[in-house]
Amino acid sequence: MKQLGAEHIRDLCAGAAFLATGGGGDPYVSMLLAERLLARHGPATLIAPDQVPDDFLVVSIGMVGAPTVTLEQLPTEDEAINALNRYEELTGRSVDAVVPFEVGGGNSTIPLFVAAMKGIPCIDGDGMGRALPEAQMMTFPIYGAHPTPAVIADAFGHTELLECTDVHEFERLIRGKAVTMGGMISSAEHGMSGKSLRRSAVPKTISFATRLGALLCQHGGTIEAIMTQLTRLFEDSEYGLIKLLFTGKVIDTERRIVGGYDIGSATLQSLDNPACRMELMIRNEYLVAKVNQKVVASVPDLICIVEQETSRPLNAERMRYGQRLSVFGIGCTHHYRTPQALALTEPRAFGFDFDYVPLEEL
Amino acid sequence: MRLGIDVGGTHTDAVLLNGSEIVGFHKALTSSDVKQGIIDSLDAVLVAGQVDTAEIDAVMIGTTQFTNAVIQRCDLSPTALIRASLPMGSGVPPLCDWPEDALAAVGDHQYMIQGGHLYNGKPIAELDHKSLNRAIADISSKGIKAVAVAASFSPAVAEHELLMAKAVRHRIADATVTLSHEIGRLGLLERENAAVLNAALVDLARHVVNSMERALIERGINCPVYISQNDGTLMAAATIARYPALTFSSGPTNSIRGAALLSGLSDAIVVDIGGTTADIGVLADGFPRESNSHIEVGGVRTNFRMPDILPIGLGGGSLVALNGRKIGPSSVGYCLSTEGLVFGGNTLTATDIAVANGSCKLGDGVHVAHLQAEVIETATQRMHEMIDEAVDRMRPSEKPVPVILVGGGAILISRSLKTASQLIQPDHADVANALGAAIALVGGEVEHFVSYSAITRDEALTQVTQQAQQKAIAAGADAETLRVLDVEETVISYMDDAAARLRIKVVGDLRQTA
């Protein structure tokens, strides 16, 4: 068991922003929130999935909605804990531990301060090992956990119990609720046993993200200078493979919102060879990267982008003309490499007309 | 003819420009009396250029005074902030990420009330006038005159900020109010930070702009006066008196643009070494490369678009310690001419090392004759290493790049740099900032909400660009030279499937008057 306190939050958020593959929102706001709440309520206790007792009730907690809105609609102190407290009241069960939906982005910090506020441990792991846009893409439901009963809470103090027969219906329902309840809500969901968690959670991702973030933050210079350490870090982790796919300048971006998702594309031009271009397809996250029309990485493998000069991870919302970026491909967790998981997370699941080819074969 | 003046923390420089030809320049130490400093520079440059005041068509002033005030935490007015966002935002209160000394300088006077808008334009809550009035009464009782107001999604719906500003002005007659949506963009925390900094600077700005204008009037100069902004474009001086925060990064922008003109290069690293710091920036296609992320001004996070600058604590006045192993970040600053050893002072500075190692002649070398050769060598190497490291962090790739050295402290660098393919110290490099101000451009910016279901993206881009062009021409830009400097597309709503906020900035040269 490890303790994770306010002093680790900046590192965790830098790592989480890298693993967010462009989505998950700018973790700055949740970072400030987590720092304040962890400083007040003490550090969170982290527990690795393989240490969790079989009969534990673990609940996944985080925020659902449009990340852009939190830049203006800043979070309240008690929305997430309200969701969890109400979950206990409505289900009549006491929760033994919480687990993040996703290590990518601001959702990595929420269970930490909720755990500290509640005096229970937080799992060192998550349900994606990255960030992805929809509930059915989480490893928890893919490996058997049921999303409901779930309790959602908004900034105005409203809570609501959701019950659904399957995760696809849950996703549609909760997404609609997020839109009607102000754009962003907190959800306590996917209650599962310790045994179920061990099968489904991507392990040790919170501590990994904290180490990754520490490396990026301490360095601060060009990404090329830390490639060796970065490669070693990933090779010794759940991810395994990291490849530098492209370094170039943003020459065009286009974004629009379709059905509640931030859909867009961006074109990068190589710094060395102006004729060489990378195209990025974005749906909240960076989903597909092509170089001169050829796919070089795609979901569920991770496409992670940093500012080339500073090694700072770049959120897709912040992508602008003229930025100089380094684009990485990173192997996804083995949880996503099964046919059943791929059916929900491969390029076709996002409407692209091509099959997934693992990063290591591209 | 144009007169460019740069009022920096250490030096006040002036350049007279006929087209792109320098006909006169002057460099002087900044005096504590801004007006006198400008008059002195003006007189000197007119004599140097043998030019009559009547020949001056426009005056462009660049100043780092407002940035310096924030960095040094001085001349900042006590400032209050009222944020309308509750019940949202209680978890992340205003000013919560400010450095302690910055917070102490403006005072932690923040108020959160109900109000603001949601992403879809609906109110989060009705503006809570009762709490607003209580906040204003408290601000008034503290005697605070500088007030910033911010509300969620005010760049889209300004209503609550306008109401708050009106109430503040009504209850505190001599208040200066900054509305966050007038200076910042989306991102409530950053926008309210920028608004607080702006509000805290308005008093100083009025004084500074007034001094500048009086100086010019005293010398019978009646042409338009512009002050350069962050992006290298000009704004009327009277506007800057209300929005000083818009000048925060004009110093580096001017120096990079000036360096481009002086060197004839359009892609390089520009190292501007002043009295206290060296600013390393990137010249890309003739313009400063803009920062990718949030810009901190004196440790305070803002969301201005600014050139990507890496400042390091090395300048002509930097203190040399530990037998030459440590240089800066402390500096004697503008006291160099009295404190530095070569000027008869008692402090070993970076400039003294440059004189001692023979790279320049300044003051009296006798005063540094006693320095040990080892100390001189160690310090010289350390200065070059510091610049080398900084260039390495900023260059676009591992390939060596041309490095242009400008600023009064450029004398510190006399040897080759590992990171530089060539080292250029152009003539007049010490007045690059004033030159950059003199060649600053005129901009036009237009922001619109567009719906791509009603109009194609290309059509929208064309229309908004045309409007920005018209605005730039109206502001005095030469139509022939207009080009798009920036396109920003922000999606704010997912109620309409194809709505975007489109902000386009075009720039052009100042139209030559006959």
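The model is predicted. Chain A comes to 10 helices and 17 strands, and chain B to 14 helices and 23 strands. In chain A 61% of the 362 residues count as buried, and in chain B 55% of the 514 residues do.

**Chain A as a whole**

- With a radius of gyration of 19 Å, close to the 21 Å that the globule rule gives for 362 residues, chain A is as compact as a globular protein of that length.
- Among the contacts in chain A with a separation of 6 or more, 74% are accounted for by residues 24 or more positions apart.

**Chain B as a whole**

- The radius of gyration of chain B is 24 Å, close to the 24 Å given by the globule rule for 514 residues, so chain B is as compact as a globular protein of that length.
- The C-alpha trace of chain B spans about 75 × 50 × 50 Å along its principal axes.
- Residues 24 or more positions apart make up 67% of the contacts in chain B with a separation of 6 or more.

**Helices H2 and H4 of chain A**

- Helix H2 (residues 28-41) and helix H4 (residues 110-118) of chain A have axes that come within 9 Å and cross at roughly 20 degrees.
- Because angles under 35 degrees count as roughly parallel, H2(A) is roughly parallel to H4(A).
- The crossing of H2(A) past H4(A) is left-handed.
- On the H2(A) side, the contact is made by Ser30(A), Ala34(A), Leu37(A), Leu38(A) and His41(A); on the H4(A) side, by Ile110(A), Leu112(A), Phe113(A), Ala116(A) and Met117(A).
- Sorted by class, this contact of H2(A) with H4(A) has eight nonpolar, two polar and no charged residues.

**Helices H8 and H9 of chain A**

- The axes of helix H8 (residues 205-219) and helix H9 (residues 227-235) of chain A come within 11 Å and cross at roughly 180 degrees.
- H8(A) and H9(A) are therefore roughly antiparallel to each other.
- Arg211(A), Leu212(A) and Leu215(A) of H8(A) make the contact with Gln229(A), Leu230(A) and Leu233(A) of H9(A).
- By class, the contact of H8(A) with H9(A) has four nonpolar residues, one polar and one charged.

**Pro75 of chain A**

- You will find Pro75(A) in the loop between strand S3 (57-65) and helix H3 (79-91) of chain A.
- Pro75(A) counts as buried because it has 23 C-beta neighbours inside 10 Å.
- Leaving aside neighbours within four places in sequence, Pro75(A) is in contact with Val29(A), Leu33(A) and Thr70(A) of chain A, and with Gly91(B) and Val92(B) of chain B.
- Pro75(A) and Ala155(A) are 80 residues apart along the chain, while their C-alpha atoms are separated by 7.1 Å.

**Val209 of chain B**

- Val209(B) has its place in helix H7 (residues 188-218) of chain B.
- With 23 C-beta neighbours inside 10 Å, Val209(B) counts as buried.
- Not counting residues up to four places away in sequence, Val209(B) touches Ala237(B), Ile240(B) and Ala241(B).

Methods
Residues are numbered from 1 along each chain as its sequence is written. Chains are lettered from A and ligands numbered from 1 in the order in which they are written. This is a predicted model: local features need pLDDT of at least 70, side-chain atom pairs count only at pLDDT 80 or more; totals for chains, interfaces and linings use all residues. Helices (H or I, at least four residues) and strands (E, at least two) are DSSP runs, numbered from the N terminus. The radius of gyration is taken over C-alpha atoms; the globule rule is 2.2 Å times the number of residues to the power 0.38. A residue is buried if 20 or more other C-beta atoms lie within 10 Å of its own, exposed if 12 or fewer, and partly exposed in between; C-beta atoms are placed from the backbone. Two residues are in contact if their C-beta atoms, placed from the backbone, lie within 7 Å. Axes are lines fitted to C-alpha atoms, for helices over the stretch in contact, and angles run from 0 to 180 degrees between N-to-C directions. Angles under 35 degrees count as roughly parallel, over 145 as roughly antiparallel, 65 to 115 as roughly perpendicular and the rest as oblique. A crossing is left-handed if the near helix is turned anticlockwise from the far one by less than a right angle, and right-handed if clockwise. Ala, Val, Leu, Ile, Met, Phe, Trp, Tyr, Cys and Pro count as nonpolar, Asp, Glu, Lys and Arg as charged, and the others, Gly among them, as polar.
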